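Here's a quick briefing to read alongside the model. Have the viewer open and click through the residues as they come up.

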Amino acid sequence: MDLHDYPDVAQNYDLYLDAMYKEQDNHAGFLDFYLEFAKEYGKDGIIDIACGTGAVLLHLAEHGMIADGTDLSEAMCRVANEKARSRGFDLHIFPANMTDFKSDRKYSCAIIARSGFMHLLTPELQRAALLNIRENLTDGGMLTFNTFDPNPYFQAQQMRTKDTDFTFRLEYVNSQGKREKLYNAITYDPTTQVMSGNWKFETLDAIGNVVDERIRPVKQRQTYRQEMKYLLELCGFAIVNVYGGYHKEPADTVVRNVIWCVRKK
Ligand SMILES: C[S@@+](CC[C@H](N)C(=O)[O-])C[C@H]1O[C@@H](n2cnc3c(N)ncnc32)[C@H](O)[C@@H]1O
């Protein structure tokens with residue numbers, strides 16, 4: 001089980017992400033980037049892969065673009081479906097692994113938003129996902145996904161910490177109206193390029209005492225751009241654009257968020 005497979009994480013995901021992105025400004029322009037991408041390439045169908053609780057899907061639907069959604073986590077799909085229904089949309093959202101999902105139609109546009117691709121923990125799984133997504137795209141269809149540039153400074157730090165060395169990240173109010181504090185801990189393995197960590201959720205009572213604690217594991221793989229270029233070539237994709245952020249900043253230095261826009265050859 002990884003972080004997003006837990007029902008409590010899925011239920012609270014939007015709430016703690018909102019709190020997280022209030023404190024960090026590296027997310028501005030996120031939804032508009034995908035809306036523009038979908039408008040440009042989605043005329044023959046859009047799929048939001050690793051759609052989570054449907055942030056992108058629902059933003060597209062609210063702008064008149066109906067997309068299918070899929071996610072490995074049944075819990076995340078359930079929340080996405082509930083949100084879609086409550087806003088009056090009848091969307092096709094189904095649980096599946098991006099390495100082997102099959103749809104009864106092809107899409108001209110595939111989106112993997114907010115680091116879904118980084119949950120593929122080996123080059124073999126990354127390759128399987130890219131080949132499978134390619135199968136589900138129309139000829140010339142476009143895919144966008146993001147990676148984080150590996151940063152030697154953070155890697156060095158995370159090679160010294162354990163996956164139980166928790167750091168406070170934020171406080172938010174959970175889906176039951178209770179205050180929760182969130183901590184995370186990450187350790188980095190340079191041989192596999194995998195960051196393994198844990199999120200710790202502490203539930204507080206009215207006077208701030210901890211009354212519950214849940215630890216949820218999460219792993220993500222870092223990918224170097226040079227690796228990704230060869231992987232894309234191997235899997236039959238041409239690189240159209242590589243951006244350094246949601247405002248299409250150039251990616252000519254080490255950047256946190258690398259956004260790949262690639263075309264099925
Ligand atoms: C950080 S969340 C992003 C969710 C959503 N795209 C968003 O922007 O809110 C990453 C998602 O990737 C999903 N995921 C992880 N591995 C996957 C896989 N192999 N196939 C499909 N989805 C996967 C997780 O279940 C999780 O919902």
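Two residues are in contact here if their C-beta atoms, placed from the backbone, lie within 7 Å. By that rule, and skipping neighbours within four places in sequence, Ile 215 is in contact with Asn 198 and Lys 200. Keep in mind that this is a predicted model. The protein chain holds 7 helices and 11 strands, and its domain assignment gives domain 1 (3–149 + 222–264) and domain 2 (152–221).

**Overall build**

- The C-alpha trace of the protein chain spans about 60 × 45 × 30 Å along its principal axes.
- A compact globule of 265 residues would have a radius of gyration near 18 Å, and the protein chain agrees with that, at 18 Å.
- Of the 265 residues in the protein chain, 34% are buried.
- Take the contacts between residues at least 6 apart in sequence: 66% of them join residues at least 24 apart.

- The centres of domain 1 and domain 2, taken over C-alpha atoms, are separated by 23 Å.
- Domain 1 puts 18 residues into the contact, and domain 2 puts in 17 residues.
- On the side of domain 1 that touches domain 2, the residues split into 10 nonpolar, 6 polar and 2 charged.
- The largest nonpolar core has 55 residues, and the members touching the most others are Ala 38, Ile 49, Cys 109, Ala 110 and Ile 111.
- Leaving out neighbours within four places in sequence, Ala 38 has contacts with Ile 46, Leu 60, Met 65, Ala 67, Cys 109 and Ile 111.

**Around the ligand**

- There are 19 residues around the ligand, and the ones that come nearest are His 4, Ala 50, Gly 52, Arg 114 and His 119.
- By type, the shell around the ligand contains 9 nonpolar, 8 polar and 2 charged residues.
- Ala 50 sits in the loop between strand 1 (46–49) and helix 3 (55–62).
- Is Ala 50 buried or exposed? It has 27 C-beta neighbours inside 10 Å, so Ala 50 counts as buried.
- Met 98 touches Ala 50, and also Ile 49, Ala 129, Asn 132 and Ile 133, not counting residues up to four places away in sequence.
- Met 98 itself belongs to the loop between strand 3 (93–95) and strand 4 (107–112).
- Met 98 is buried because it has 26 other C-beta atoms within 10 Å, where the cut-off for buried is 20 or more.
- Although Met 98 and Leu 130 are 32 residues apart in sequence, their C-alpha atoms are 8.4 Å apart in space.

- Most residues other than glycine have a negative phi.
- Ala 50 has a positive phi, near 60°, and is not a glycine.
- Lys 248 also goes positive, with phi near 60° in a residue other than glycine.
- You'll find Lys 248 in the loop between strand 10 (237–243) and strand 11 (258–264).
- With 14 C-beta neighbours inside 10 Å, Lys 248 counts as partly exposed.

- Glu 40 is part of helix 2 (residues 30–41).
- Glu 40 counts as exposed because it has 12 C-beta neighbours inside 10 Å, and the cut-off for exposed is 12 or fewer.
- Leu 17 is in helix 1 (residues 7–23), and with 17 C-beta neighbours inside 10 Å Leu 17 counts as partly exposed.
- Leu 17 and Ile 239 are 222 residues apart along the chain, and 30 Å separate their C-alpha atoms.

**Back to Ile 215**

- Ile 215 lies in strand 9 (residues 210–221).
- Its 13 C-beta neighbours inside 10 Å are why Ile 215 counts as partly exposed.
- From Ile 215 to Thr 203 is 12 residues in sequence, and 12 Å in space from C-alpha to C-alpha.

Key
Residues are numbered from 1 along each chain as its sequence is written. This is a predicted model: local features need pLDDT of at least 70, side-chain atom pairs count only at pLDDT 80 or more; totals for chains, interfaces and linings use all residues. A residue is near a molecule or strand if its C-beta atom, placed from the backbone, lies within 6 Å of it. Ala, Val, Leu, Ile, Met, Phe, Trp, Tyr, Cys and Pro count as nonpolar, Asp, Glu, Lys and Arg as charged, and the others, Gly among them, as polar. A nonpolar core is a set of buried Ala, Val, Leu, Ile, Met, Phe, Trp, Tyr and Cys residues joined through C-beta atoms within 7 Å. Helices (H or I, at least four residues) and strands (E, at least two) are DSSP runs, numbered from the N terminus. Domain bounds come from an automatic or database domain assignment. The radius of gyration is taken over C-alpha atoms; the globule rule is 2.2 Å times the number of residues to the power 0.38.
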